[in-house]
Amino acid sequence: MMELLKVGKIVNTHGVRGEIRVISTTDFAEERYAKGTELWIEHPDTKKNTPVVVASHRVHKNFDLLTFEGYHSINEVEPFKGSTLLVTKDQLSELEENEFYYHEIIGCTVYTDQDEELGKVKEIIETGANDVWVIRRSSGGKDILIPYIEEVVKEIDIEARTIYIQLMEGLME
């Protein structure tokens with residue numbers, strides 16, 4: 001069975017010619033949505049995966065707009081609303097040292113430099129300046145927001161699924 005990874009969510013259609021509006025969860029939109037790239041669409045209710053091939057990609061108002069080969073009207077892409085866009089794991093390219101894919105970070109357990117377990121990374125928010133990691137506390141309570149910056153994130157061990165951070169003033173409020 002092939003492993004599929006999320007790269008975006010289809011939030012709406014755009015126009016009447018089969019274009020869809022996507023909120024991306026990838027740092028590599030140009031590569032992921034290049035013409036001719038195969039993607040998979042996972043329907044939210046049935047979890048059925050539909051293979052599609054990108055026919056065009058453009059950016060409009062912070063959304064990625066895509067069309068797929070063989071889908072030429074709004075009626076053909078309307079059923080995709082609310083679906084997840086996926087790629088196969090073998091489509092991922094090698095990253096530089098100290099670069100990570102979101103799927104490698106999400107689910108990692110976060111510890112302070114004093115070995116106190118804070119919780120697990122549940123989401124990554126792109127802010128422009130730097131990503132912010134949302135940590136679901138092990139003890140319950142409000143999520144913790146951690147900026148992904150050198151002053152805070154000290155060590156990432158993807159194999160062990162652990163992250164060590166140095167708490168800065170105001171992070172735990």
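Modeller: What follows covers the strands, the cores and the aromatic rings of this predicted model.

Colleague: Strands, then. What runs β1-β2-β5-β4-β3-β6?

Modeller: That is the order of a closed barrel of six strands, with antiparallel pairing. On average, neighbouring strands of this sheet are turned by 50° against each other, direction ignored.

Colleague: Over how many bridges do β1 and β6 pair?

Modeller: β1 and β6 pair over five bridges, in the antiparallel sense. G8, for instance, has L85 in β6 as its bridge partner.

Colleague: Okay, the inside. How many residues has the largest nonpolar core?

Modeller: The largest nonpolar core has 16 residues. Y33, L39, L66, F68 and L85 have the most contacts inside it. Two or more residues each come from β1 (4-14), β2 (19-24), β3 (38-42), β4 (49-60), β5 (63-68) and β6 (84-88).

Colleague: Pick L66. What does L66 touch?

Modeller: Leaving out residues up to four places away in sequence, L66 touches G18, E19, I20, V22, Y33, L39, S56, H57 and L85. Y33, L39 and L85 are also on the list of residues with the most contacts inside the core.

Colleague: Switching to rings. How many aromatic pairs are there?

Modeller: The count comes to five aromatic pairs. One of them is F68 with Y71, edge-to-face, at 6.4 Å centre to centre and 80° between the planes.

Colleague: Is F68 buried or exposed?

Modeller: F68 counts as buried because its relative accessibility is 1%, and the cut-off for buried is under 20%. Ring pairs also link F68 with Y71 and F80 into a cluster.

Colleague: How do Y111 and Y164 pair?

Modeller: Y111 and Y164 are stacked, 5.3 Å centre to centre with 20° between the planes. Y111 lies in strand β7 (residues 109-112) and Y164 in strand β12 (residues 162-165), so this pair ties together parts that are 53 residues apart in sequence.

Colleague: Why does Y111 count as buried?

Modeller: Y111 is at 19% relative accessibility, so it counts as buried, given that buried means under 20%. Y164 is at 24%, so Y164 counts as partly exposed.

Colleague: Last one. Where does R21 lie?

Modeller: R21 lies over the face of F63, at 5.1 Å from the ring centre.

Methods. Residues are numbered from 1 along each chain as its sequence is written. This is a predicted model: local features need pLDDT of at least 70, side-chain atom pairs count only at pLDDT 80 or more; totals for chains, interfaces and linings use all residues. Side-chain values use heavy atoms; hydrogens and water are left out. A nonpolar core is a set of buried Ala, Val, Leu, Ile, Met, Phe, Trp, Tyr and Cys residues joined through side-chain atoms within 4.5 Å. Buried means under 20% relative accessible area, exposed over 50%, partly exposed in between (1.4 Å probe, protein chains only). Helices (H or I, at least four residues) and strands (E, at least two) are DSSP runs, numbered from the N terminus. Contact means heavy atoms within 4.5 Å. Two strands pair if DSSP finds at least two bridges between them. Axes are lines fitted to C-alpha atoms, for helices over the stretch in contact, and angles run from 0 to 180 degrees between N-to-C directions. Rings of Phe, Tyr and Trp (its six-membered ring) pair if their centres lie within 6.5 Å; planes under 30 degrees apart count as stacked, over 60 as edge-to-face and the rest as tilted. A charge sits over a ring if NZ of Lys or CZ of Arg is within 6 Å of the ring centre and within 35 degrees of the ring normal.
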